[in-house]
Amino acid sequence: MAKYKIIYDRDACIGALGCLGVTEELWELADDGKVNLKGAVFNEETQKWELIIDENDFDIARASEDACPVQAIKVEKVED
Ligand code: SF4
């Protein structure tokens with residue numbers, strides 16, 4: 001089963017909540033008005049949050065990527 005990585009640039013997030021509107025499974029509202037990517041790990045090198053998902057969650061991940069007005073969310077394939 002293919003694996004994907006969601007890469008979330010929390011610094012770029014403006015709290016527009018488009019992502020949360022389409023996929024509450026992945027995102028939760030934080031106290032500062034931005035969102036957190038549930039279960040994500042912070043990558044010190046890139047300073048972004050990352051979460052590995054399988055293809056079952058690909059559609060909702062892409063929906064949140066499309067919903068973000070500042071391109072703070074990216075989804076890329078990591079394994080076939
Ligand atoms: S849609 Fe983008 S800017 Fe809006 S809360 Fe989600 S990550 Fe942040």
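Me: Which residue in S5 does lysine 3 stand opposite?

Reply: Lysine 3 faces aspartate 54 in S5. Keep in mind that this is a predicted model.

Me: How many bridges join strand S1 to strand S5, and how do the two strands run?

Reply: There are six bridges between strand S1 (residues 3–8) and strand S5 (residues 48–54), and the two run antiparallel.

Me: In what order do the strands of the open sheet come?

Reply: Read across the sheet, the four strands follow the order S4-S5-S1-S6, with antiparallel pairing. Strand S4 (41–43) and strand S6 (73–79) are the edge strands, each pairing on one side only. On average, neighbouring strands of this sheet are turned by 35 degrees against each other, direction ignored.

Me: Which strands does helix H2 touch?

Reply: Helix H2 (residues 58–67) packs on the sheet and touches S1, S5 and S6. The direction of H2 makes about 145 degrees with that of S6.

Me: Now the rings, please! How is a pair of aromatic rings described?

Reply: Two things describe such a pair: the distance of the centres and the angle of the planes. A search of the whole structure finds three aromatic pairs. One of them joins tyrosine 8 and tryptophan 27, at 5.0 Å centre to centre with 80 degrees between the planes, and is edge-to-face. Tyrosine 8 belongs to strand S1 and tryptophan 27 to strand S2 (residues 27–29), so this pair ties together parts 19 residues apart in sequence.

Me: Is tyrosine 8 buried or exposed? And tryptophan 27, buried or exposed?

Reply: Buried means under 20% relative accessible area. Tyrosine 8 has 1% relative accessibility, so it counts as buried. Tryptophan 27 is at 2%, so tryptophan 27 counts as buried too.

Terms used: Residues are numbered from 1 along each chain as its sequence is written. This is a predicted model: local features need pLDDT of at least 70, side-chain atom pairs count only at pLDDT 80 or more; totals for chains, interfaces and linings use all residues. Side-chain values use heavy atoms; hydrogens and water are left out. Two strands pair if DSSP finds at least two bridges between them. Axes are lines fitted to C-alpha atoms, for helices over the stretch in contact, and angles run from 0 to 180 degrees between N-to-C directions. Contact means heavy atoms within 4.5 Å. Rings of Phe, Tyr and Trp (its six-membered ring) pair if their centres lie within 6.5 Å; planes under 30 degrees apart count as stacked, over 60 as edge-to-face and the rest as tilted. Buried means under 20% relative accessible area, exposed over 50%, partly exposed in between (1.4 Å probe, protein chains only).
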